[in-house]
Amino acid sequence: MGLRRLFLAGLLLPFSFVACAAVTNNDTQPLPTSLPPLSPTASEARVEQAVAGLLSQYHYRRIKLDDALSSAAFDDYLAALDFSRSYFLASDVADFEKYRTKLDDDLRNGRLGAAFEIYNRYQQRLLERTQHAREVLSHPFDFSVRESIELDRKKAPWATTTAELDEIWRKRLKHETLNLMLAGKDETAARETLRRRYEGRLRRAGQAEPEDVFQAYMNAITGVFDPHTSYLSPRSSENFNIQMRLSLEGIGAVLRLEDEETVVVELVPGGPADMSKLIKPKDRIVAVGQGDDSAMTDVVGWRLDDVVDLIRGQRGSVVRLQVVPAADPPGSAGALVRLVRNKIQLEEQAAKSQIKTFMRDGVEQHIGVITIPTFYIDFAAAQRGDADYRSTTRDVRRLLHELEQQKVDGVVIDLRQNGGGSLQEAVELTGLFITEGPVVQVRDSKGKVQLENDPDPDLVYGGPLAVLTDRFSASASEIFAGAIQDYGRGLIIGEPTFGKGTVQTLIELGRFLPQIKDKLGQLKLTIAKFYRVNGSSTQHRGVHPDIGFPVAFGEDEVGEGAQEHAMPWDEIAATRYKLFGHVNDMVPELMNLHDSRVAHDQAYQDLKQDLEYARELRKRTRVSLLESERRAEHDAARARLKSRAGRAQLDGDSDGGEDTPRKDGPDPFLDEATRVLGDFVALRGSGR
């Protein structure tokens with residue numbers, strides 16, 4: 001049985017959707033007084049067995065379906081249903097313990113009773129908690145009491161009594177009310193918003209189908225193998241296929257659910273969200289409105305696919321999003337972002353260039369910058385034989401020629417926010433900067449290693465080169481950056497990359513169960529790993545820069561290392577390749593020049609401090625429920641952000657000066673990357 005290999009070089013996370021006629025959730029429906037138990041379908045039992053066989057035979061890790069896997073999947077399933085340990089009681093979990101080491105047997109035998117029993121108990125507890133929340137929210141809170149709440153309950157002990165759980169919920173609801181008050185609502189309006197939120201959650205729970213339970217359970221199983229292996233239900237498969245085709249009409253944002261909030265994972269280059277410049281990865285979407293006049297719908301606690309359905313819509317229609325930036329403190333209202341849904345065009349994803357000009361020792365330097373949002377190729381046009389089809393490599397080749405004609409002193413390739421794309425394009429793009437040789441090694445589960453080589457012996461650009469990366473540079477971006485670093489071809493500047501060094505294939509499950517006529521979904525299966533030419537895997541560790549910049553997110557927040565059950569870093573034998581240059585010899589001196597310069601660069605230091613401040617805020621898991629204290633913290637944080645924004649605007653209006661790039665807008669890290677490359681040009685010119 002052969003598997004069609006599909007290099008999914010741009011998918012950072014195991015389960016996410018691209019938001020692209022919207023589905024309206026009717027909050028006027030009667031509130032359910034009970035939630036009927038759900039049962040598995042006959043076809044789901046067959047699919048479970050098929051998935052078990054594919055995982056055990058073809059997954060790269062070859063993990064055994066044993067008690068250890070069962071125990072891990074058991075914990076992950078409970079976490080998927082009740083991540084904050086706010087619904088189940090300790091007695092519920094004790095009842096479920098009998099299944100801890102039996103899920104592997106169930107998987108092989110197509111038994112789903114345990115999965116549905118646990119889910120149905122969760123539904124029962126959700127109903128009880130909603131009824132309790134409505135009662136609590138019917139009365140005002142006392143915000144003059146000095147008390148606090150622990151927000152991170154992922155590892156907290158399960159509540160042993162209903163009274164203990166009631167107290168957890170009292171503080172939770174008080175905290176959420178205070179957040180809405182800090183965002184501008186009065187207490188009555190805040191409690192009403194929360195009442196509608198929890199009632200809406202209960203209504204959506206009443207609409208759950210066996211497919212929803214099966215998907216959640218199967219992803220608890222597949223997730224133990226690695227974060228990028230996942231089961232996609234028929235509905236989720238269509239969302240995934242839309243993402244891969246990029247032929248969608250919507251806002252162009254990849255979303256996932258984190259702690260009951262819809263979080264932006266990445267932006268599709270050229271999409272309305274990307275083009276707005278008002279939405280960034282890790283931002284949270286808390287409300288959605290249709291058109292310019294309709295009321296905003298609070299979507300906190302919604303199922304992810306329901307949020308996606310609400311955001312999608314016809315080309316040319318308006319959707320409004322209430323977006324809370326990742327860096328904003330708790331209780332922030334965020335901003336209302338108006339987007340016009342549109343079809344994402346390849347032209348808007350294309351690589352673009354600019355020239356940064358600055359003075360150094362009285363001499364003007366010109367550094368070309370090529371920004372590559374994704375590794376793209378118009379496969380359809382290429383297959384038709386169109387002579388001028390678009391691709392990353394073709395576009396960058398043209399831009400390099402244009403920059404050389406303008407006599408730039410060096411080129412920076414900006415890969416920030418580039419989540420990957422076509423493996424072929426990553427290999428061919430690398431070939432523009434080297435004459436020949438391997439670019440990346442691919443090892444399958446049997447240990448067979450395949451080399452992906454530069455297909456073109458021409459050296460398109462041999463001048464000074466730097467690659468700018470951040471934590472969201474992933475997969476194909478890491479292949480390119482790693483090869484440039486290994487060949488000594490250029491400097492890597494910025495943040496460590498994401499660390500996705502695995503290869504997935506997409507399997508239509510209907511192929512293995514042809515007797516079942518219903519749509520059965522797909523399995524995304526990890527089958528291989530990427531390795532650099534020096535033998536080091538890009539998995540988990542990513543590519544580390546030669547000149548590091550302050551990081552926006554720690555490795556425990558964003559990146560492969562932040563993913564549960566991530567495959568480890570390892571290495572294989574290096575392949576034969578010839579060094580192009582000796583850039584590393586200059587790194588210590590370049591680092592000294594960089595440190596000396598940024599110490600006096602106010603914009604750079606402001607950004608560095610802001611990133612550190614935002615990270616500290618995100619680390620705070622215990623917050624006060626005393627209103628006066630929270631308002632003081634909130635006002636101080638907002639004042640800080642406002643002050644920084646005003647200074648950045650002034651910096652953006654600068655006409656430049658000695659050693660200062662002229663900017664279209666404030667981007668201290670890009671500016672400093674061009675100056676580092678300028679240092680390299682100067683040092684090389686002096687023979688040092």
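This is a short chat about the predicted model shown above.

Visitor: How many helices and strands are there in the protein?
Guide: The protein has 20 helices and 22 strands. Keep in mind that this is a predicted model.

Visitor: What share of the residues is buried?
Guide: Of the 688 residues, 57% are buried.

Visitor: And the surface? What part of it belongs to carbon and sulfur atoms?
Guide: Carbon and sulfur atoms account for 50%. The accessible surface is about 28300 Å² in total.

Visitor: Let's do sheets. What is the strand order in the open sheet of six strands?
Guide: The order runs S12-S13-S14-S17-S18-S21. The pairing is mixed.

Visitor: Which strands are at the edges?
Guide: Strand S12 (352-360) and strand S21 (547-548). Each of these pairs on one side only.

Visitor: What about S13 and S14: parallel or antiparallel?
Guide: Parallel. Five bridges join S13, residues 363-371, to S14, residues 410-414.

Visitor: Which residue in S14 is the bridge partner of Gly-368?
Guide: That is Val-411.

Visitor: What holds strands like these together in general?
Guide: Strands of a sheet pair through backbone hydrogen bonds.

Visitor: Switching to helix H7. How many of its residues are buried?
Guide: In H7, 14 of the 20 residues are buried, so the helix is mostly covered.

Visitor: What span should H7 have, and what does the model give?
Guide: Helix H7 covers residues 187-206. At 1.5 Å a residue, its 20 residues should span 28 Å. The end C-alpha atoms are 29 Å apart, which agrees.

Visitor: Which residue caps the N-terminal end of H7?
Guide: Asp-186 does. One of its side-chain oxygens lies 3.2 Å from the backbone nitrogen of Thr-188.

Visitor: Where is Lys-277?
Guide: Lys-277 is in the loop between helix H10 (272-276) and strand S7 (284-290).

Visitor: And where does Ser-475 lie?
Guide: Ser-475 is in the loop between strand S17 (465-469) and helix H16 (476-486).

Visitor: Is Lys-277 buried or exposed, and why?
Guide: Exposed, because its relative accessibility is 58% and the cut-off for exposed is over 50%.

Visitor: Then Ser-475: buried or exposed?
Guide: Buried. Its relative accessible area is 1%, and buried means under 20%.

Technical notes. Residues numbered from 1 in each chain as written. Predicted model: local features only at pLDDT ≥ 70, side-chain atom pairs only at ≥ 80, totals over all residues. Heavy atoms only, no water. Pairing = 2+ DSSP bridges. Helix = DSSP H or I, 4+ residues; strand = E, 2+ residues; numbered from the N terminus. Expected span 1.5 Å × (residues − 1). Buried < 20%, exposed > 50% of the residue type's maximum accessible area, 1.4 Å probe, protein only. Polar contact = N/O pair within 3.5 Å; in protein donor to acceptor, adjacent residues only side chain to side chain. Areas by Shrake-Rupley, 256 points an atom, 1.4 Å probe, with all protein chains shown as cover.
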